[in-house]
Each structure stands twice: as C-alpha cells, then as structure tokens.
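Here's a quick walk through one protein model, written for someone who likes to know the cut-offs. Have the coordinates open as you read.

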Amino acid sequence: MTLVHKVDTHHNGRMTPGRPDVAFVASTDLDDTVLTPFYQDILQPAFPADELISLDEFRTGYGSPSPVYHGTLALRGDEPVGGALGEYDPGSGLMLLAYLAIREDQRGTGLGTGLLNEVLPAWRAALTPTATIAEVEDPRFYRAGPHGDPVARLRFYERLGSTVLPLPYFQPALRPDVSRVRGMFLICLDPGRTGVSAAALATFMDEYVGLCEGPAARDADPEYRAFRDQITAWPDEVPLWPMSAADQVPVTSYAAPLS
C-alpha cells in the first residue's frame with residue numbers, strides 16, 4: 001500500500017519540509033480544476049463572506065501572472081490542502097498577506113508555518129516590500145467559531161515573530177454588497193522590525209479604501225479619515241508592539257467589543 005501520494009511533476013512543485021506528501025505550487029501554474037476547489041473547499045469555509053473576495057476575483061487575480069497578486073497553493077497530488085495569497089501594492093511598497101487558509105483536516109500539521117516559510121522569503125527577495133502586513137480578527141470582538149479561533153490565530157503569528165500596529169483597524173468593504181470588517185488588528189510579519197512607515201501605510205490605505213469603496217469614502221468618510229489621521233500622527237513610523245500587548249491596542253468607536 002502506498003502511504004505517500006506522489007505529486008505530479010507537471011506542476012513544478014517544491015516539496016514541503018517535513019511533509020513529503022505535499023508540494024507548494026504557484027497559483028499561476030494551476031488551472032480552474034484546482035483553483036476552484038481551493039476557493040470553495042478551503043478558502044470559503046475559512047473566512048466570513050465580508051472578509052472574502054469573490055471566486056471570479058480570485059481566479060482573475062491569482063490565476064494568471066500579475067505584479068500585484070502572488071499565490072502559492074499546497075497540493076497533495078492534484079488536491080489542494082492549503083494556500084497563501086498575497087497582494088503587493090506598488091504605490092506604497094507594502095505586501096499584504098491577504099489570505100492564509102489550511103483545509104480543516106490539515107490544521108495543526110505545520111502546513112501553515114511551512115507555507116509562510118515558503119512565501120514570505122520569496123516575496124521579500126522578489127519585491128523588497130516596505131513591510132509585510134496582514135489583517136487578523138481581534139479576539140476582543142470575535143469568538144472562536146466555524147471560521148477559526150482568533151486567540152489561537154494570534155498565538156500562531158506570535159510564534160512566527162509577528163507584531164501588531166497600535167491602530168483600531170478595519171478592513172474596507174470589499175464590494176458593495178458586503179460591509180466593512182471592524183474589530184481587526186493590522187499585524188506585521190517581519191520579525192525584528194520596529195515600525196512601519198507612516199507615509200507608506202497612509203498611501204496603502206488610501207489606495208485600498210479608494211479601490212474598494214470609491215474616492216468619496218477615501219476622501220470624506222469620517223471613520224476612514226479619523227483612522228488615517230491616527231496613522232499620520234506618527235511623524236515617521238507607526239511603531240510595532242509585541243503581540244503580548246495586543247489587548248492594549250486602541251479600540252474603534254464604531255464597534256463594541258464582546259461583553
């Protein structure tokens with residue numbers, strides 16, 4: 001009986017340290033027979049609808065070469081079991097880890113750590129980003145549920161040396177039929193970094209909000225303008241706090257923490 005399912009060589013995958021049954025493959029080397037199951041079976045169950053791009057946006061962005069979208073999927077044979085998706089913003093130089101998702105039966109196996117150990121150095125080498133950031137749920141606003149455990153997620157990123165920006169972050173509404181996602185942390189995935197350029201972060205957020213919600217929200221929305229003012233109040237860099245201080249990050253006035 002074969003215990004290890006071999007990876008098809010036509011995918012040009014890189015074998016995963018500690019997981020010889022899994023290979024990492026660029027999303028641009030895969031077609032819809034793999035991309036669509038990854039979205040429907042792994043990405044969609046892992047994130048609430050308000051936090052997730054549509055299937056068409058995913059296939060368009062990550063299915064063909066792009067200077068913005070950079071995706072790596074973990075495959076066991078031709079079957080996706082996880083993936084890490086990033087978006088590079090040329091205007092600010094910031095790299096956003098947009099999604100890290102592992103199939104439920106593969107969680108706790110080291111696959112998420114392996115994916116980040118694969119993609120983060122590759123992104124830094126290829127793009128030399130100003131910083132690498134990610135959006136994660138603040139446990140003060142979210143309980144463990146079908147989409148994961150916010151406390152465990154913070155511990156995962158803390159083990160990788162990540163830090164948190166002291167800002168009451170919200171994710172812009174990704175499209176007109178969904179809402180802003182408040183009660184989020186913005187974290188930095190670059191161990192040893194002490195701050196993120198305030199100018200770069202303001203540029204990034206202007207482009208993010210403008211792209212998702214339009215110029216009117218970017219230029220005049222009170223919630224966004226107040227958030228942006230908190231970024232630019234720092235003369236040079238927004239400092240980075242240890243994850244152990246995450247519960248001291250200011251709380252937004254637009255959402256109430258859990259009681």
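## Ground rules

Helices (H or I, at least four residues) and strands (E, at least two) are DSSP runs, numbered from the N terminus. The model is a predicted one, so local features need pLDDT of at least 70 and side-chain atom pairs count only at pLDDT 80 or more, while totals for chains, interfaces and linings use all residues. Residues are numbered from 1 along each chain as its sequence is written, and side-chain values use heavy atoms, with hydrogens and water left out.

pLDDT is the predictor's confidence in each residue, from 0 to 100. The protein chain averages 92, and 92% of the residues score at least 70. Residues 1–11 are another story: pLDDT stays under 50 there, and the model has 20 contacts for them beyond four places in sequence (a contact means heavy atoms within 4.5 Å). Where pLDDT is low, the predicted coordinates should not be read in detail.

## The pocket

Strand 5 (94–102), helix 3 (111–127), strand 6 and helix 4 each supply at least two residues of the lining of the largest pocket. That pocket has a volume of about 750 Å³. Of its 33 lining residues, the closest to the centre are Leu100, Ile102, Arg153, Phe156 and Tyr157.

Points are joined across faces, edges and corners, and the volume is the space filled by probe spheres set on them.

## Two cores

A nonpolar core is a set of buried Ala, Val, Leu, Ile, Met, Phe, Trp, Tyr and Cys residues joined through side-chain atoms within 4.5 Å. Buried means under 20% relative accessible area, exposed over 50%, and partly exposed in between (1.4 Å probe, protein chains only). The largest core has 50 residues, and Leu43, Phe58, Tyr99, Leu165, Leu201, Met205 and Ile231 have the most contacts inside it. Its largest share, 8 residues, comes from helix 5 (residues 198–213). Apart from it lies another core, of 29 residues, including Val22, Ala74, Tyr157 and Val164.

What does Tyr99 touch, leaving aside neighbours within four places in sequence? The list is Leu43, Phe47, Glu51, Leu52, Ile53, Gly83, Ala84, Leu85 and Leu174.

## Strands side by side

Strand 9 (residues 181–188) is mostly covered, with 7 of its 8 residues buried. Two strands pair if DSSP finds at least two bridges between them. Strand 6 (residues 131–137) runs antiparallel to strand 9 with 5 bridges, and Ala134 has Ile187 as its bridge partner. Strand 7 (residues 163–164) also pairs with strand 9 in the antiparallel sense, over 2 bridges, with Thr163 partnered by Cys188. Strand 8 (residues 169–171) is joined to strand 9 by 2 antiparallel bridges, and there Tyr169 stands opposite Met184.

Elsewhere, strand 3 (residues 69–76) and strand 4 (residues 79–89) pair in the antiparallel sense over 8 bridges. Their hairpin has 2 residues between the strands, and Gly77 takes a positive phi near 70°.

Thr128 sits in the loop between helix 3 and strand 6. Its phi is near 40°, a positive value in a residue other than glycine. Most residues other than glycine have a negative phi. Thr128 counts as exposed because its relative accessibility is 62%.

Ala152 is found in helix 4 (residues 150–159). Is Ala152 exposed or partly exposed? Ala152 counts as partly exposed, because its relative accessibility is 37%.

Technical notes:
On a 1 Å grid over the protein atoms alone, a cavity is a set of points where a 1.4 Å probe fits but cannot get out, and a pocket is an open set with protein on both sides within 12 Å along at least five of seven lines; lining residues have an atom within 4 Å of a point.
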